[in-house]
Structure formats: structure tokens, C-alpha cells
Amino acid sequence: MKRKVQALLVFLLASALFLSVHVSAEDIENLESKTSDLQNQLNDINQDLLKIADEISATEDAIEEANNDMLRIQDSLAISRENEMRQYEDMKTRIRYMYENGSDTLLELLFSAENMSDFLNRADFIQNISSYDREKLENLRNIQKGIEIQEADLLAKQNSLKSLQTQLVKQQEELKQKAQETSTDLEAFKAQLQTLREEQARAAAAEAARRAEEERKRLAQSQMVPANTTVSADVSNPDGSANPADSTLSSDIDNAQDNNIDSSSGATSYPTYDTGALTPSKGVVYYNGHRETYYSQKVLPGGGLSIPGRHVAEDGTIRDADGYICVASSDLTWGTVVETSLGTAKVYDCGCASGTIDIYTDW
């Protein structure tokens, strides 16, 4: 009766853990989607900010160029006005001279001609002086008018560029505000996502521990190993860090001598004889003085493990680029090469019981 109650409790616990992991996976997927969307929005906003910054820089260059053009136009206009005033003063001087000396001077100039040809030349000269003054003054006025038109056009251009600059700066400030708000939302979603991933990792660790405990009981019932043998389940967080506290189940070892336990060192020593290679159906073997178990990436993905060239071999083991089987050991340092029942292996993880080598598989 007691065994039936225990089995029922185990079943209920397993169901609850499955639902928890399933719901967490859905929540994580939704948050990952929202996080990805916000990241894309933030990237687009940053691109818009770069574009507006370039436009503002180009507008500032155009304003500076327009200001320089305005200074040149104003200088030209000042010179033109100065020439006009000088020409006007010269014309007044000649008219004043003519009035002050009367018309006798002009008549004397005409009648002192030696011949008709000389007379006509002098008459043309007097007329040309008057025509030159009028034409020169008219030309100066036309030049001045043209410069004034250019000045008005440049002033309108300056005002337009300044208005554009104001609009661009306003858009830039709005985008900066939007980028800040989006970044804040993104950080909040990332924090929620991290929390759910940690919850999922804890649920996965609890599920792995439950399966390890079931395996220990099954082996104990089939008398393959003593009932008080330590069973390990190596669990890695999504970020690659191990959870030895959650993944290793240690039972009370009452018969130290019967299980070849070295009490002085605290390490478990297993028989040196082989019991065959590890298989999906034979979850525990003793080989080369250590105990071998396996953990599957289908249950514990171990995405954070740093395994170069990670791949699944034909025998279902997880191997690195050099063909070494990837294993976990709490007794050996990472990178140690060791012989297992399935071939030469290298340590890439920890968290299992002392004296045990946990082989990473795709079983």
C-alpha cells in the first residue's frame, strides 16, 4: 500500500513538472518574440536617428554656405552702392561746372572749332558726356537691383534652412525619447525572460532528479547496484552553468566497505573489471575503475556548454571537433582526457557524484 501511494505521488509530481515546463516554454517563446520585435524596433529607430543626424549635419553645412553667400552679396551690394554714389557725385560736379560757367563755355567750345568736322566732334563730345552719365548711372542701378534680388533670395533660403533645421532637431528629440522608452521596455522583457528561463532550468533540474531517483530505484530492485548507491543527473542552465546542487542526488551510504568507498579521501572507488559498454537500456556500468552513467541532451540541452565542433556521433554520443566523447566529472578537471566504455572522452562539465563519469548522449 505504501509503495502504491509513493508511485501515485511520483506520478502527480511528474505531471505537475511537465505542465510547469510546458507553460514556461510557451511564456519564454512569447517573450522571446516580443523581445525580438522590440530589438528590431530599436534598431530601426537608431537607423532613423543616424539618418536625421546626417540630414541635420547637411542642413547646417547648407546654412553656413548660405551665410557665406549672404556676406559676399552684401559686400557686392555695398560696392555697387558706393560706385553709384561716386558716379552720381561726378555727374553733379560736371553739371555744376556747366551751370557755374554758363552756356558761353559750351558755345565757345563749339565755335572755336577749326572746321565743320571739328565742330561736329565737339558737339558729339558734349552729348556723349551727358549720355555716358545717364547710361553709367542706369547700369549701376540695374546691378544694385540684381544684387538686392539675390540678397532677398538668399534671405528666404536662410529662413527655409533654419526652419528645416528646427523640424529635424524636433524629430531627433522625439526619436531619442522613443528609443529610450523602447530600450526600457526591452530591458524589462529581457528581465522577465531571464526569470522564466531560470524557472524552466529549475523545473528541468527537478525532473532530471526525479528520473535519476527512479533509475536508482529500478537498479536497486533489479539488484544491479546496491540500493544506497549515489545516482547523478547533470543539469546545465540555458546559459551553460551547472546546477550540481539540483542535479546530484546523494543517498546515505551505510555500507562503505561493501561499496569500496575510501572513507579517508571521500571519493568512491569502483571495481576495475568491465561490465560492458554503456547503452540506452543499460544506464549504469563499471569501467576502468569508475562508474558510468549518461545524460541525454533531449532532456538537458546544455546549450551553454563550450564544446567546439559539437556533434552527434553514430553511436549517439555527443562529441567535440576532435572526436572526443563529451563527459561530466566532479573528480577530473575540465579538458582531462579519460577512457570510457564507449571510447576516449574529454571532460566538458561537472556536477555528478564523485567516482562517476556522466556521458553526454543523444539517446
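In the predicted model, R141 is partly exposed, with a relative accessible area of 44% (buried denotes under 20% relative accessible area, exposed over 50%, and partly exposed the range in between, with a 1.4 Å probe and protein chains only). R141 belongs to helix α2, and its C-alpha atom is separated by 8.3 Å from that of S80, a residue 61 positions away along the chain. Residues are numbered from 1 along each chain as its sequence is written, and side-chain values use heavy atoms, with hydrogens and water left out. As the model is predicted, local features require pLDDT of at least 70 and side-chain atom pairs count only at pLDDT 80 or more, whereas totals for chains, interfaces and linings use all residues.

The chain contains 3 helices and 10 strands, where helices (H or I, at least four residues) and strands (E, at least two) are DSSP runs numbered from the N terminus. Read from the N terminus, the elements follow the order α-α-β-α-β-β-β-β-β-β-β-β-β. Of the 363 residues, 33% count as buried.

Salt bridges were assigned where a side-chain nitrogen of Lys or Arg lies within 4 Å of a carboxyl oxygen of Asp or Glu, and 8 were counted by this rule. R211 is partly exposed at 40% relative accessibility, whereas E207 is buried at 14%. A second salt bridge joins R216 and E213, with the closest N and O atoms 2.9 Å apart; here the spacing in helix α2 is 3 residues, again about one helical turn. R216 is buried, with a relative accessible area of 15%, and E213 is partly exposed at 25%. The side chains of R319 and D315 form a further salt bridge, at 3.0 Å from N to O. In this pair R319 is buried at 15% and D315 partly exposed at 32%. Salt bridges with shared partners also link E207, R210, R211 and E214 into one network.

Helices α1 (2-111) and α2 (116-221) each contribute at least two residues to the negative patch, the largest share, 3 residues, coming from α1. E29, located in α1, counts as exposed at 55% relative accessibility.

Among the strands, β4 contains S296, which is buried at 8% relative accessibility. The side chain of S296 reaches the backbone oxygen of W363 at 2.5 Å. T356 lies in strand β10 (residues 356-361) and is likewise buried, with a relative accessible area of 1%. Its side chain makes a polar contact with the side chain of R291 at 3.5 Å (a pair of N or O atoms within 3.5 Å; within protein, one must be able to donate a hydrogen and the other to accept it, and residues adjacent in sequence count only if both atoms are side-chain atoms). T356 and D331, 25 residues apart in sequence, have a C-alpha to C-alpha distance of 8.2 Å.

N288 occupies the loop between β3 (285-287) and β4 (290-296). Phi of N288 is near 55°, a positive value in a residue other than glycine, and N288 is partly exposed at 47% relative accessibility.
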